[in-house]
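Morning, everyone. Please take a moment with the sequence and the structure, then I'll walk through a few local features.

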Amino acid sequence: MKGLDGKVALVTGAGSGIGRATAIAFSREGAAVVVADVDADGGAETVDSIEAVGGRAMYVATDVSDEAAVSALVARCTEAYGRLDIACNNAGIGGGSAPTGDYLTEEWDRVISINLTGAFYCMRYEIPAMLQTGGGAIVNMSSILGTVGFANAPAYVAAKHGLIGLTKTAAIEYATSGIRVNAICPGFIATPLLEGAGLLEESPVHDMLVGLHPMQRFGTSEEVAEAVVWLSSDVASFVTGHAMLVDGGYTAR
């Protein structure tokens with residue numbers, strides 16, 4: 001039996017990478033999936049991949065830094081499927097690279113608005129929707145850089161640290177209301193984000209980053225997605241407020 005039969009799942013940033021893998025994994029387990037992303041082509045491709053194997057999915061164009069757009073996203077979900085059981089708040093960007101003293105204010109605002117405020121907006125509307133049908137599970141996509149520092153990425157590191165704090169706070173608030181809230185902290189994952197930064201090609205920087213992982217490789221989107229599915233399922237019924245590392249041993253050193 002599929003573990004998420006009858007459930008409705010929402011995934012932001014589902015047009016590629018970890019978000020797409022998570023949406024596909026949710027569908028494989030029986031959930032209907034709402035695919036949210038600013039990238040219409042990527043979102044449509046994710047929906048096509050799900051429907052091609054008999055799953056149910058719909059795409060909703062969403063900029064998570066726009067509160068009205070997030071409100072509309074959750075409303076579309078409940079109108080289409082009647083409920084919201086699972087949410088993976090995955091949308092995020094890497095942002096610019098510079099020391100804190102040189103980091104551009106507008107770049108700080110952009111990264112925080114998408115990576116942290118965007119997740120807050122999502123939870124702000126997902127939680128009431130889940131309460132209407134007795135609860136649910138939320139998984140926020142943090143990072144290993146939500147647990148450690150990393151030079152020249154002050155906005156990203158601050159946002160991902162903040163997201164873990166937000167996760168723990170909401171977990172406490174809704175622990176007796178049937179809503180579990182957890183976070184995933186991936187290491188460096190072979191996604192279009194890293195590809196766009198040229199980090200998947202052999203280079204001194206690539207080799208340095210791989211070497212920071214005791215497993216001596218980057219992770220895959222599918223490996224992260226499996227952890228999201230587990231946290232979202234009933235087999236993790238006593239797990240809330242947890243920031244799960246999926247990092248090939250990066251933070252074990």
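Predicted model: local features only at pLDDT ≥ 70, side-chain atom pairs only at ≥ 80, totals over all residues.

Which residues of H2 are buried? They are Gly42, Gly43, Thr46, Val47 and Ile50. Look down the helix axis: these buried residues fall within an arc of 140 degrees, so they line one face of H2.

Now the length. H2 runs over residues 40-51, twelve residues. At 1.5 Å a residue, the helix should span 16 Å. The C-alpha atoms at its ends are 16 Å apart, so the two agree.

Next, the start of H2. There, aspartate 39 has a side-chain oxygen within 3.1 Å of the backbone nitrogen of aspartate 41.

On to the backbone angles. I have two residues for you.

Take asparagine 152. Where does it sit? Asparagine 152 is in the loop between strand S5 (136-141) and helix H5 (154-173). Its phi is positive, about 70 degrees, although asparagine 152 is not a glycine. Its relative accessible area is 35%, so it is partly exposed.

Then glutamine 216. This one lies in the loop that links helix H7 (204-211) and helix H8 (221-232). Glutamine 216 is a residue other than glycine, yet its phi is positive, near 60 degrees. Its relative accessibility is 48%. Exposed starts over 50%, so glutamine 216 counts as partly exposed.

That's my tour. Over to you.

Terms used:
Residues numbered from 1 in each chain as written. Heavy atoms only, no water. Helix = DSSP H or I, 4+ residues; strand = E, 2+ residues; numbered from the N terminus. Expected span 1.5 Å × (residues − 1). Buried < 20%, exposed > 50% of the residue type's maximum accessible area, 1.4 Å probe, protein only. Arc of directions from axis to C-beta. Polar contact = N/O pair within 3.5 Å; in protein donor to acceptor, adjacent residues only side chain to side chain.
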